[in-house]
There are 2 protein chains.
Amino acid sequence: MRSKDPALMNKIIDFIDEYYAKNFIIPTMQTIGDSLNISKACVSNYIAEMKEKGLIENNRGWYGIRTKNISKINNNAMLIPVVGTIACGTPLLAEENIEEYLPIPKSFIGNGEYFILKANGNSMIKAGIEDGDLVIVRQQESAEQGQIVVALIDDEATLKRYYLDNKKKQVRLHPENDDMQDIYFKKIVIQGVAVKIIKDLL
Amino acid sequence: MRSKDPALMNKIIDFIDEYYAKNFIIPTMQTIGDSLNISKACVSNYIAEMKEKGLIENNRGWYGIRTKNISKINNNAMLIPVVGTIACGTPLLAEENIEEYLPIPKSFIGNGEYFILKANGNSMIKAGIEDGDLVIVRQQESAEQGQIVVALIDDEATLKRYYLDNKKKQVRLHPENDDMQDIYFKKIVIQGVAVKIIKDLL
DNA sequence: TTCTATCGTGAACAAAAGTTTATGATAAGA
DNA sequence: TCTTATCATAAACTTTTGTTCACGATAGAA
């Protein structure tokens with residue numbers, strides 16, 4: 001007796017997963033067949049069998065095939081603006097300061113508005129933030145002790161650790177770099193709080 | 001004169017976005033119409049007009065409608081599998097090891113295949129990689145001196161710095177943690193090279 | 001108020017996708 | 001080697017989807 005090729009089953013599942021990862025659409029039977037050099041009728045047979053075995057789910061009559069992996073997909077992404085160097089006198093998120101938009105998983109971020117700051121300089125090196133790193137920032141005007149905040153100092157968006165001294169009624173911004181000094185302000189406008197960092201390793 | 005309801009346009013776009021986020025597939029005109037209490041012919045008309053205005057793209061004859069939002073995300077992201085703890089004896093990217101898929105900007109990754117490793121343990125703490133951090137890994141079987149690699153040691157995916165001693169013909173895997181010892185291998189199978197890391201700051 | 005352009009609808013139509021079926025090929029068992 | 005079960009294919013078929021069309025309703029202008 002012959003039996004349906006298990007390797008082909010895996011190929012089909014892998015193809016669907018890969019195709020979806022690239023195109024964000026489920027391929028048609030025709031497309032699957034063409035890519036694996038089998039007929040779409042054969043694909044249909046295989047998929048019917050895989051449905052019985054629970055390898056594939058079907059939540060809609062058409063186009064509804066889902067591999068187990070597709071059910072694990074978290075495709076809730078949001079486009080977040082990346083801010084690099086700031087043009088003089090412009091607000092942080094002015095159009096001319098936005099370099100690009102990057103898709104970021106919604107699970108990375110909660111509610112609220114976000115932007116990504118491309119770190120420049122080495123003022124936060126001890127906190128692991130190096131020049132060129134991308135810092136995901138939640139827009140807010142207040143912060144808690146010790147959080148890393150984005151503040152506009154001399155028309156430049158800088159990352160510093162935030163401390164509020166209630167007695168002296170002043171704000172201390174602390175660079176995580178032994179060569180740099182703390183800066184004190186009576187009042188400072190906070191742009192947001194750093195929530196995540198994306199670093200290059202190579 | 002009457003004009004097409006701009007509010008309805010936004011409703012349609014919002015519905016498509018929400019439906020897609022939940023179901024991973026684009027809704028049909030019928031589904032859109034039913035949900036918004038309009039006929040599918042009307043939906044078809046609206047979508048045709050929105051295509052002209054560039055609010056919606058169509059990269060495939062059927063099912064191909066994409067809002068700008070979806071389109072941008074699709075064009076700029078790829079779904080990458082996240083691997084957490086590894087089931088005994090299974091290959092790294094076996095289905096049971098994949099926790100989820102996350103959309104990652106295409107600009108983060110070049111050619112080749114990638115996966116995301118959820119770091120566990122503190123063996124790379126001095127390189128800034130802490131427990132729970134997400135490490136984007138390019139699949140490859142070789143590495144250069146000093147790169148951070150993923151290797152399977154005792155059926156666990158571990159991150160270590162890679163050094164090859166050509167004279168002694170052995171591989172040294174170096175944990176970036178003063179409490180841990182280097183490990184030496186005659187031969188080791190490398191799963192990939194770490195290219196980026198995503199860390200929580202809060 | 002009346003007229004007119006056009007918007008939304010339901011039905012018919014066309015296009016595309018999935019399923020079934022008849023057929024030939026072929027691997028496994030006798 | 002011969003037989004048989006069943007696998008893969010192509011074509012016909014069914015279902016679903018998107019588009020077009022004729023018609024009634026209605027907002028805006030005169």
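Me: Which residue is the bridge partner of A:Val82 in β5(A)?

Reply: That would be A:Ile116. Before going on, note that this is a predicted model, where local features need pLDDT of at least 70, side-chain atom pairs count only at pLDDT 80 or more, and totals for chains, interfaces and linings use all residues. Residues are numbered from 1 along each chain as its sequence is written, while chains are lettered from A and ligands numbered from 1 in the order in which they are written.

Me: How do I read a label like β5(A), and which way does β5(A) run beside β3(A)?

Reply: Helices (H or I, at least four residues) and strands (E, at least two) are DSSP runs, numbered from the N terminus. Two strands pair if DSSP finds at least two bridges between them. Here β3(A) and β5(A), residues 114–118, run parallel and are joined by 2 bridges.

Me: And how many bridges join β3(A) to β4(A)?

Reply: There are 7, and these two strands run antiparallel. One pair to look up is A:Met78 with its bridge partner A:Ile104 in β4(A).

Me: Now the two chains. How many residues does each give to the contact?

Reply: Two residues are in contact if their C-beta atoms, placed from the backbone, lie within 7 Å. Chain A gives 31 residues and chain B gives 30. On the chain A side, the elements giving two or more residues are α1 (6–23), β3 (77–83), β4 (98–105) and β11 (190–200). The largest share, 7 residues, belongs to β11(A).

Me: How do the residues on that side of chain A divide by type?

Reply: Ala, Val, Leu, Ile, Met, Phe, Trp, Tyr, Cys and Pro count as nonpolar, Asp, Glu, Lys and Arg as charged, and the others, Gly among them, as polar. The chain A side has 20 nonpolar, 5 polar and 6 charged residues.

Me: What does β11(A) pair with in chain B?

Reply: With β11(B), residues 190–200, through 5 bridges, and the two strands run antiparallel. For instance, A:Lys199 has B:Ile197 as its bridge partner.

Me: Is A:Ala21 buried, exposed or partly exposed?

Reply: A residue is buried if 20 or more other C-beta atoms lie within 10 Å of its own, exposed if 12 or fewer, and partly exposed in between, with C-beta atoms placed from the backbone. A:Ala21 has 19 such atoms, so this residue is partly exposed. You'll find A:Ala21 in helix α1 of chain A. Not counting residues up to four places away in sequence, A:Ala21 touches B:Met78, B:Leu79 and B:Tyr101.

Me: What does B:Asn76 touch?

Reply: Leaving aside neighbours within four places in sequence, B:Asn76 is in contact with A:Pro103, B:Pro105 and B:Lys106. B:Asn76 sits in helix α4 (residues 68–76) of chain B, and is partly exposed because 19 other C-beta atoms lie within 10 Å.

Me: At what angle do α1(B) and α3(B) pack?

Reply: Axes are lines fitted to C-alpha atoms, for helices over the stretch in contact, and angles run from 0 to 180 degrees between N-to-C directions. Angles under 35 degrees count as roughly parallel, over 145 as roughly antiparallel, 65 to 115 as roughly perpendicular and the rest as oblique. α1(B) and α3(B) pack at about 95°, with axes 11 Å apart, so they are roughly perpendicular. B:Leu8, B:Met9 and B:Ile12 of α1(B) meet B:Val43, B:Tyr46 and B:Met50 of α3(B).
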